[in-house]
Number of protein chains: 4
Amino acid sequence: MQQNWFLGDLLAQLFDRRGQLHGKDDARSITELCEALLSAEGEVSGYQLASTVLDRYRALGDDEKILFFKYLNEELEIDAVQIADLAHHYADNRTIESFKALSEAVEPRRQELLRRLNQPTGATQDLVAMRVDLLRIVKTHPDLRRTDLDFVHLLRSWFNRGFLVLKQINWDTPARILDKVVAYEAVHQISDLEDLRRRLYPPDRRCFAFFHPSMPDQPLIFVEVALTATVPGSIDDVLSEQRDPLEASQAQVAVFYSISNCQKGLAGISFGNFLIKQVVTELALELPSIQTYVTLSPIPGFNTWLESQREDDALGYVSKTILAGTAPSEDLRAMTARYLLNAKRKDGLPIDPVARFHLGNGAEVHDLHASADTSRNGLAQSSGAMVNYLYELKSTEQNHEEFAMHGTIAASRTVHSLAGATLLTKPKETTA
Amino acid sequence: MQQNWFLGDLLAQLFDRRGQLHGKDDARSITELCEALLSAEGEVSGYQLASTVLDRYRALGDDEKILFFKYLNEELEIDAVQIADLAHHYADNRTIESFKALSEAVEPRRQELLRRLNQPTGATQDLVAMRVDLLRIVKTHPDLRRTDLDFVHLLRSWFNRGFLVLKQINWDTPARILDKVVAYEAVHQISDLEDLRRRLYPPDRRCFAFFHPSMPDQPLIFVEVALTATVPGSIDDVLSEQRDPLEASQAQVAVFYSISNCQKGLAGISFGNFLIKQVVTELALELPSIQTYVTLSPIPGFNTWLESQREDDALGYVSKTILAGTAPSEDLRAMTARYLLNAKRKDGLPIDPVARFHLGNGAEVHDLHASADTSRNGLAQSSGAMVNYLYELKSTEQNHEEFAMHGTIAASRTVHSLAGATLLTKPKETTA
Amino acid sequence: MQQNWFLGDLLAQLFDRRGQLHGKDDARSITELCEALLSAEGEVSGYQLASTVLDRYRALGDDEKILFFKYLNEELEIDAVQIADLAHHYADNRTIESFKALSEAVEPRRQELLRRLNQPTGATQDLVAMRVDLLRIVKTHPDLRRTDLDFVHLLRSWFNRGFLVLKQINWDTPARILDKVVAYEAVHQISDLEDLRRRLYPPDRRCFAFFHPSMPDQPLIFVEVALTATVPGSIDDVLSEQRDPLEASQAQVAVFYSISNCQKGLAGISFGNFLIKQVVTELALELPSIQTYVTLSPIPGFNTWLESQREDDALGYVSKTILAGTAPSEDLRAMTARYLLNAKRKDGLPIDPVARFHLGNGAEVHDLHASADTSRNGLAQSSGAMVNYLYELKSTEQNHEEFAMHGTIAASRTVHSLAGATLLTKPKETTA
Amino acid sequence: MQQNWFLGDLLAQLFDRRGQLHGKDDARSITELCEALLSAEGEVSGYQLASTVLDRYRALGDDEKILFFKYLNEELEIDAVQIADLAHHYADNRTIESFKALSEAVEPRRQELLRRLNQPTGATQDLVAMRVDLLRIVKTHPDLRRTDLDFVHLLRSWFNRGFLVLKQINWDTPARILDKVVAYEAVHQISDLEDLRRRLYPPDRRCFAFFHPSMPDQPLIFVEVALTATVPGSIDDVLSEQRDPLEASQAQVAVFYSISNCQKGLAGISFGNFLIKQVVTELALELPSIQTYVTLSPIPGFNTWLESQREDDALGYVSKTILAGTAPSEDLRAMTARYLLNAKRKDGLPIDPVARFHLGNGAEVHDLHASADTSRNGLAQSSGAMVNYLYELKSTEQNHEEFAMHGTIAASRTVHSLAGATLLTKPKETTA
């Protein structure tokens with residue numbers, strides 16, 4: 001079997017080499033090549049045409065990329081008038097032929113183009129990279145959002161849960177993949193492989209990632225887990241190099257302390273929910289002693305919200321003391337509880353994006369901690385506070401539904417009582 | 001890495017076990033479960049809901065399956081009137097919001113259901129099996145063809161060329177997969193593993209298959225190749241156990257003598273074109289001595305066509321002698337040439353399905369042989385004649401385009417002159 | 001990593017190809033080549049010299065092989081007089097130099113030759129095959145037993161337990177390896193792969209083999225296991241195709257019903273003991289429901305022993321009725337018990353070779369069955385009787401020691417009471 | 001298959017866990033356990049006894065280790081008087097029985113003990129580690145060299161060329177193994193994984209290692225290769241991070257610039273010769289453009305030798321200028337040529353150990369370079385000079401033989417003429 005995979009690679013190289021020659025000799029423009037790929041010719045020579053288009057694309061400057069995306073957006077656009085006609089026709093006349101005609105008309109030809117581009121080895125990754133460009137360009141060319149919607153539609157289908165593969169990342173993982181973990185860690189930065197060693201090597205650390213079979217070197221998302229004796233209240237404690245690493249079999253708690261999406265080109269396609277669930281199951285199998293699955297998460301929107309509360313009658317005083325760094329811990333905890341439970345957007349969901357993610361997965365707000373992330377970033381975004389979200393498999397489904405339907409936020413008693421605590425509205429008078 | 005795959009399986013079992021329990025305890029009907037999967041609940045409990053739906057489906061009788069497909073067909077149908085409105089709106093008002101609204105409306109909700117079902121390990125295969133049922137049922141319930149179009153749309157996207165993996169099938173392949181080759185061989189039947197040994201074990205045999213990463217035990221399509229010294233004119237010669245197997249390094253010719261699709265549930269999604277091209281490249285790499293890539297193919301529609309020519313002035317006499325088994329070889333060859341070059345459907349393409357496949361891939365009709373397949377089936381369908389289609393990489397693209405655009409059939413001089421040969425219109429008079 | 005293994009193979013081929021050319025061009029005889037390999041030249045060109053010698057050897061006829069072995073036996077022999085001198089010297093003068101001189105003198109140079117031959121890919125297997133020849137030739141050339149002792153010495157060191165790898169053989173195993181299981185099954189014959197399917201495919205079957213990393217396609221020994229509800233008393237029951245296969249998780253008993261050594265060239269190097277122990281551990285891990293590990297074994301020497309008892313006062317009558325096939329079951333069981341417990345060789349060990357193997361491993365004689373193997377072979381060797389040996393991990397060590405030290409045979413109460421049963425010494429008188 | 005390897009590991013853990021318990025409960029001393037392992041008991045309970053002995057050994061202090069090795073050395077020693085008797089007997093009476101008796105007597109029982117210890121997973125590595133201890137201890141206990149000879153004898157047989165596996169080390173290698181490369185690099189130090197990246201990642205770098213199947217995480221020896229356009233004359237050029245990495249396909253020269261043995265416990269067992277040859281073959285396959293295989297090697301004994309030449313009439317003056325760092329390059333090159341070609345030990349071989357290694361492999365002294373290694377170590381050992389040894393496959397065998405038989409050193413014309421250059425014997429007089 002191994003031999004074949006290897007030959008497959010050789011083959012790809014051969015094809016790719018040819019593809020490049022083909023590309024060099026072929027006088028057609030990239031859009032002409034795309035038209036050829038969409039035509040009958042594309043059926044038989046698709047592999048090479050696709051290679052050529054992808055090679056050409058990689059060599060484009062940003063201005064040319066904009067033209068390329070405009071081509072996708074305008075030339076490979078749906079014909080809305082025709083769709084309206086066909087839809088009327090189908091409404092009146094529900095035959096298979098009229099359904100088929102409508103089905104074909106409603107899909108922009110750029111979707112078929114993207115599918116036909118996805119032939120050579122590595123093409124999936126090229127298309128994901130193409131979307132990274134598109135997301136950058138769309139900021140200044142908002143019209144192109146139509147094309148982005150088609151990218152998302154296709155990528156969501158291709159990166160469907162059923163095609164993802166969970167793998168453990170550890171010190172037996174190839175260095176090439178470890179490099180990606182270093183590069184993509186978004187929450188608590190990793191400087192290099194030697195720094196990563198501290199996250200992967202000790203017996204009380206785990207890391208899991210989703211991969212797609214067509215991008216075997218590229219993690220899509222990964223989660224870092226600390227195995228601990230108790231629910232931790234500070235990221236420094238979790239990451240401390242001074243700690244005595246726990247034997248995995250002794251752990252009571254699994255702490256998800258960092259979740260990072262790796263592929264900007266897959267923005268809007270969510271994997272985190274699946275990942276946490278599957279990792280919980282995996283850890284439950286490996287380490288029966290673990291009773292509690294919990295996060296130690298940042299509260300990114302907290303300080304911004306505090307700023308907005310400065311003039312509030314009830315909360316203004318405490319907000320100012322927190323922002324000034326002079327508030328007692330309990331006040332800080334009480335305010336994070338109010339923020340997470342009460343600070344909502346217009347749509348009724350929490351302002352805090354991390355809260356939306358975990359509550360949307362069916363977790364509950366479990367506990368709150370002052371002085372939990374004293375890094376510059378931690379102090380700046382949340383005055384050093386962090387939160388534990390608790391994943392209890394038996395209640396996630398109901399929590400999720402309550403949250404999705406009614407915006408109800410599940411929280412522990414501790415958190416509820418923190419949110420209900422009476423707060424000072426002015427400085428305590430000190431007795432002379 | 002290996003460990004993780006294994007754990008992945010364990011995990012799947014665990015989930016599946018739970019899934020089954022969940023399925024047993026859950027009082028909801030399969031369509032209620034589908035609605036739940038499509039709702040907010042499905043986002044968080046999708047894995048288990050999907051497992052339950054797939055388990056339930058497997059246990060359904062045919063009548064219930066019909067109801068299930070009718071539910072997909074009617075309840076998860078598009079709203080054509082709404083589409084027409086939204087299309088009008090978009091035609092007048094090309095905003096991203098109106099495009100998005102239209103995009104969402106045009107996709108039947110059954111497509112999203114199928115994507116959400118594709119979560120548990122093995123789900124992709126379950127969905128392919130579901131389509132096998134659908135194809136059977138659709139014969140008596142033609143309305144369901146709408147749903148089948150959506151299956152095809154999704155499966156074509158998932159089984160995109162870029163996701164397929166070529167593997168060599170040989171005596172180092174697990175027996176479980178060899179069983180599939182025995183079962184799926186469609187052209188020249190294989191009775192069991194000991195019979196398969198004759199197709200795989202000798203040094204002058206090769207077999208290649210496409211696999212999809214989500215169905216690792218299931219070949220999608222495979223091709224059997226004989227390595228020979230010359231272009232063969234008889235399948236018996238190719239398969240003869242009396243032959244002296246050639247050293248692979250001595251071979252001049254690679255003969256594709258059997259191509260079999262394995263998955264009925266993927267009918268209408270074509271892999272053969274890709275497979276032949278990639279196998280040519282692979283063999284070219286492994287065996288530089290090979291100069292010629294050729295098929296030895298059946299001519300399935302020939303005898304049926306001869307029957308239709310019985311009363312033809314020019315061809316009637318020869319047709320009758322061939323059907324009677326009394327025609328000389330050259331007459332038989334001449335008539336197969338006429339059949340392949342001239343017998344067309346209304347759309348201008350050849351009547352013969354195998355011809356359509358290979359000519360559509362850009363091959364040419366290379367040579368024709370009488371007494372080439374003397375099996376009962378061979379005699380019944382083509383009076384024992386077979387054809388070589390030649391794959392010459394440098395001309396396939398042009399051949400394909402000529403064929404696709406103008407219906408032009410590429411053929412060798414030999415074949416052209418056979419097609420132009422003068423034929424008797426009545427018995428030769430024998431001199432007394 | 002995969003790529004490297006593949007390159008390793010290519011490499012080997014390259015070397016081997018060169019080796020062959022070298023062999024063809026090289027005018028030296030095989031013994032001259034051996035001398036070169038043993039000399040300084042061998043240090044730098046060993047790979048090619050070894051390839052050439054092994055190629056040459058394969059092409060030898062039996063007469064030439066005899067000459068080759070005589071060369072090993074006589075020319076690469078120790079110098080006993082020198083050894084005696086060096087041993088005296090060392091006895092008087094225990095310096096490291098004199099020890100080293102003695103160490104070097106005591107090892108026949110043929111051992112170093114065999115080690116130097118073991119360089120090219122596949123050489124280990126060639127050397128094992130060489131011993132197969134030697135074992136055949138030694139029958140008529142008993143002098144060569146010296147050389148065989150050196151083969152055994154080396155192979156025992158190379159096939160040391162620490163280098164063996166246990167693998168499960170099942171339907172995911174490559175067909176190439178399954179072929180070996182078919183070929184090597186020594187106890188209950190398997191006719192072909194389709195027959196083997198019955199031994200491997202059902203959920204209540206297991207098969208395990210030891211492999212050596214240098215012979216990855218060659219099992220060394222394998223054991224076939226049936227998972228059952230109760231201790232079986234008949235091989236036909238175990239192998240019956242009519243049985244309803246048990247779910248593995250329901251099994252109470254694991255029955256080792258066939259153990260086969262695969263490599264004649266490794267005769268005298270014992271793996272069976274290790275294999276059974278490791279398989280017990282493996283099954284205990286996979287299937288916690290299994291309580292009992294037992295064999296269902298032949299009694300190959302029973303009928304021969306019965307013949308020798310024909311004239312015995314006490315046992316003659318029963319022996320004759322058994323051999324005549326007219327004895328009741330209980331008499332047959334009683335006699336097998338006496339045979340297994342009491343029939344000893346001069347060295348105090350049981351006559352029966354299978355008994356010696358299992359008792360030597362620390363098993364006990366657990367139960368005896370009439371009509372248990374009604375195949376022609378089963379009737380001929382043991383009048384259809386079979387035996388269960390029981391492996392109880394907690395007592396194997398003590399059983400083994402008692403057996404090894406004192407020849408004590410561990411047996412169940414049932415077996416002891418069968419052995420003590422009173423037997424008729426003449427036909428029962430029937431009342432008129 | 002994968003599953004079984006995994007189970008194999010689980011199994012080992014299970015056994016190992018038991019082994020540890022056994023070890024704790026077992027009141028016997030380590031030498032009593034060794035005796036048990038050598039006795040009949042060892043045959044059946046070897047796995048656990050060996051685990052216990054190896055566990056116990058690991059926990060010993062150095063004093064106890066000395067006692068353990070003394071036990072091996074004295075108690076498991078040969079009986080020289082008995083050997084002398086048996087050798088006499090065999091000399092007089094060449095029967096197989098007397099040969100066998102002699103064979104058994106000549107092997108110290110410690111060899112059998114080591115073989116029986118090699119049963120649990122990881123035991124091979126434990127035994128290699130045991131020899132690391134022994135080599136340290138033997139320095140102060142020279143008697144133990146007898147035991148070391150037996151270790152070497154066994155390890156040489158186990159680490160026979162035929163059992164080694166070549167693997168490429170690159171950025172797809174697990175970090176765990178890369179750590180070993182960092183730790184074992186002996187020639188040009190590597191500080192950490194980020195430093196190693198510079199040696200492995202660029203397209204003009206290669207690294208290959210030998211592994212033994214029983215120590216899959218442990219490279220035995222590795223070689224680092226630079227692909228270059230020309231034969232390099234300075235290690236700084238080779239390792240420069242400023243260089244523009246060459247495309248591998250453009251390389252003309254492969255430079256072996258570092259070879260490191262990894263296992264101190266395998267000292268005296270040579271792999272380097274095999275490794276270089278196999279890597280040459282592998283690179284020849286991958287990169288046909290490479291014409292030249294050359295080393296860039298240190299000259300470790302040069303400065304020491306210069307010191308010894310200070311008072312020499314002919315060479316003293318130049319030696320002193322070199323040691324003072326004031327000699328012109330050509331003088332330095334001329335002196336390294338003389339040193340490598342002429343400076344011999346009593347046995348006629350070169351003083352320089354690196355020269356002995358490469359010349360012994362059949363390489364030739366190809367070129368010499370001043371200012372080639374300006375590191376502190378390079379200046380201290382060889383005044384900054386380095387040497388290229390050239391591997392030309394077609395002449396290595398003859399070079400090796402000439403070197404082994406007659407001490408003849410193969411060298412290029414350049415080197416010969418450098419060695420013959422006239423050297424100043426006193427300072428040049430400068431004209432006023």
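Colleague: Why does C:Lys394 count as exposed?
Modeller: In this predicted model, C:Lys394 has a relative accessibility of 75%. Exposed means over 50%, so C:Lys394 gets that label.

Colleague: What does C:Glu392 count as?
Modeller: C:Glu392 comes to 32% relative accessibility.

Colleague: What makes C:Glu392 and C:Lys394 a salt bridge?
Modeller: The N to O distance between their side chains is 3.4 Å. The cut-off is within 4 Å, so the pair qualifies.

Colleague: Which residues are joined into one network by salt bridges that share partners?
Modeller: The network consists of A:Glu74, A:Glu77, A:Arg110, A:Arg146, A:Asp150 and B:Arg94.

Colleague: How do you know that C:Arg333 forms a salt bridge with C:Asp367?
Modeller: The closest N and O atoms of C:Arg333 and C:Asp367 are 2.9 Å apart. A distance within 4 Å is what the rule asks for, so this pair is a salt bridge.

Colleague: Which parts of the chain does the pair of C:Arg333 and C:Asp367 link?
Modeller: C:Arg333 is in helix H16 (residues 329–342) of chain C, and C:Asp367 is in strand E6 (residues 364–369) of chain C. The two are 34 residues apart, and the pair links distant parts of the chain. Both residues are buried.

Colleague: Why is B:Glu77 called buried?
Modeller: The relative accessible area of B:Glu77 is 13%. Buried means under 20%, so the word applies. A:Arg94 has 40%, which puts A:Arg94 in the partly exposed class.

Colleague: Where is D:Asp331, and why is D:Asp331 called buried?
Modeller: D:Asp331 is in helix H16 (residues 329–342) of chain D. Its relative accessible area is 17%, under the 20% limit, so D:Asp331 is buried. Apart from neighbours within four places in sequence, D:Asp331 is in contact with D:Val318, D:Ile322 and D:Leu423.

Colleague: How many residues of chain D are in contact with chain C?
Modeller: The count is 74 residues of chain D, against 75 residues of chain C. Chain D and chain C bury about 6,900 Å² between them, 65% of it on carbon and sulfur atoms. Four salt bridges cross this interface. The side chains of C:Arg94 and D:Glu77 meet in a salt bridge, with 2.9 Å from N to O.

Colleague: What area is buried between chain A and chain D?
Modeller: About 1,200 Å², with 46% given by carbon and sulfur atoms. The contact takes 13 residues from chain A and 13 residues from chain D. The rule counts four salt bridges between chain A and chain D.

Colleague: What makes A:Asp179 and D:Arg197 a salt bridge?
Modeller: Their side chains meet at 2.6 Å, N to O. The limit is 4 Å, so this pair passes. Over all chains the count comes to 128 salt bridges.

Terms used. Residues numbered from 1 in each chain as written. Chains lettered and ligands numbered in written order. Predicted model: local features only at pLDDT ≥ 70, side-chain atom pairs only at ≥ 80, totals over all residues. Heavy atoms only, no water. Contact = heavy atoms within 4.5 Å. Buried area = accessible area lost by both parts, 1.4 Å probe. Helix = DSSP H or I, 4+ residues; strand = E, 2+ residues; numbered from the N terminus. Buried < 20%, exposed > 50% of the residue type's maximum accessible area, 1.4 Å probe, protein only.
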